[in-house]
Amino acid sequence: MNDTIRTDDEAAARAANSALVHDFGLLIKSATRLEQRIDTALRQECGISHTMMEVLIRLCRQPGEEVSQRQLADDLTLTSSGTTRLIDRMEEAGLVRRLPSPEDRRVALVEPTRQGRAAFLRAADVHARVVQRYFVDPLDPGDYARLTHALGEIDDALRKD
C-alpha cells in the first residue's frame with residue numbers, strides 16, 4: 001500500500017474516531033431515538049405524529065393568537081410546501097382549520113379545532129410519559145438540570161450566529 005494512502009487512512013480514522021465526532025453522534029442518536037419513541041407512542045395512542053403534535057403545541061401555546069402557516073414553517077423548521085401538506089392532513093383529520101388573515105388575503109392563519117385541542121391534551125400526556133421515562137428518569141436531578149442548562153446554552157449560541 002502506498003505510504004500516502006496509509007497516512008490518509010490513518011488520518012481519516014483518527015478524525016472519524018475523535019471525541020467530538022463521537023459525542024455529537026451520541027447527541028444526535030439519542031435525540032433521534034427519543035423522537036422515534038415519542039412518534040411511535042403518539043401514533044399508537046393518539047393517531048397523530050410527533051410533528052402534528054409540535055404544530056398543536058405551537059397553536060395552543062397562546063390562546064387566541066393568530067399563527068400563520070409561514071410562522072409555523074419557521075417555528076418547526078419545515079419548508080413552506082412541507083408545512084402546507086402537513087396542515088392539509090391535519091385539516092382533513094379535523095385537528096386544525098385555516099382562516100383568512102384579516103390584514104392580508106394572501107396569508108392563511110391556522111387555529112386548532114376543539115377536536116385538535118382534545119387530541120393535543122391526550123398527546124401531551126403520552127409525550128410527558130415518554131419524555132419522563134427516557135429523558136428525565138435515566139439521570140439524577142443534578143445531571144438533568146446541568147443537561148437542560150447546557151442545551152439552552154447551545155441553543156442560545158446557535159441563535160446568535
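Q: Is Asp88 buried, partly exposed or exposed?
A: In this predicted model, Asp88 has a relative accessibility of 30% and counts as partly exposed.

Q: What does the side chain of Asp88 meet?
A: The side chain of Asp88 meets that of Arg98 in a salt bridge, with an N to O distance of 2.7 Å. This pair links distant parts of the chain, with Arg98 in strand S2 (residues 96-100) and Asp88 in helix H5, ten residues apart.

Q: And which salt bridge does Glu91 form?
A: Glu91 forms a salt bridge with Arg98, and their closest N and O atoms are 2.6 Å apart. Glu91 is partly exposed at 33% relative accessibility. Arg98 is likewise partly exposed, at 23%.

Q: How many salt bridges are found in the whole structure?
A: A search of the whole structure finds eleven. One of them joins the side chains of Asp39 and Arg43 at 2.7 Å, N to O.

Q: Where do Asp39 and Arg43 sit, and how far apart in the helix?
A: Both belong to helix H2, and because they are four residues apart, about one helical turn separates them. Asp39 is buried, with a relative accessible area of 16%.

Q: New topic: which residues does His50 touch?
A: Leaving aside residues up to four places away in sequence, His50 touches Glu35, Ile38, Asp39, Leu42 and His127. His50 is placed in helix H3 and counts as buried at 9% relative accessibility.

Q: Why is H3 said to be largely enclosed?
A: Eight of its eleven residues are buried, so H3 is largely enclosed by the rest of the structure. Among the buried residues of H3 are Met52, Val55, Leu56 and Arg58.

Q: Which residues touch the most other members of the largest nonpolar core?
A: Those are Ile48, Val55, Met90 and Val96, in a core of 27 residues. Two or more residues of this core come from each of helix H2 (19-46), helix H3 (50-60), helix H4 (69-76), helix H5 (80-92) and helix H6 (114-136).

Q: What does Met90 touch?
A: Not counting residues up to four places away in sequence, Met90 touches Met52, Val55, Leu56, Leu95 and Val96.

Q: Moving on to rings: how many aromatic pairs are there?
A: The count comes to one aromatic pair. The ring centres of Phe135 and Tyr144 are 5.6 Å apart and their planes lie at 80°, so the pair is edge-to-face. The cut-off behind that name is over 60 degrees between the planes.

Q: Which residues make the nonpolar surface patch?
A: Phe24, Leu27, Ile28, Leu151, Ile154 and Leu158 make a patch of about 570 Å². H2 and helix H7 (141-160) each supply at least two of the patch residues. Leu151 lies in helix H7 and is partly exposed, with a relative accessible area of 30%.

Q: Last one: what about the phi of Thr77?
A: Thr77 has a positive phi of about 50°, although Thr77 is not a glycine. Its place is in the loop between H4 and H5. Thr77 is exposed, with a relative accessible area of 72%.

Technical notes. Residues are numbered from 1 along each chain as its sequence is written. This is a predicted model: local features need pLDDT of at least 70, side-chain atom pairs count only at pLDDT 80 or more; totals for chains, interfaces and linings use all residues. Side-chain values use heavy atoms; hydrogens and water are left out. A nonpolar core is a set of buried Ala, Val, Leu, Ile, Met, Phe, Trp, Tyr and Cys residues joined through side-chain atoms within 4.5 Å. Buried means under 20% relative accessible area, exposed over 50%, partly exposed in between (1.4 Å probe, protein chains only). Contact means heavy atoms within 4.5 Å. Rings of Phe, Tyr and Trp (its six-membered ring) pair if their centres lie within 6.5 Å; planes under 30 degrees apart count as stacked, over 60 as edge-to-face and the rest as tilted. Patches are made of residues with over 30% relative accessible area and no salt bridge: like charges are joined within 9 Å, nonpolar side chains (Val, Leu, Ile, Met, Phe, Trp, Tyr) within 5 Å. Accessible areas come from the Shrake-Rupley method with a 1.4 Å probe; for residues, only the protein chains shown count as cover. A salt bridge is a side-chain nitrogen of Lys or Arg within 4 Å of a carboxyl oxygen of Asp or Glu.
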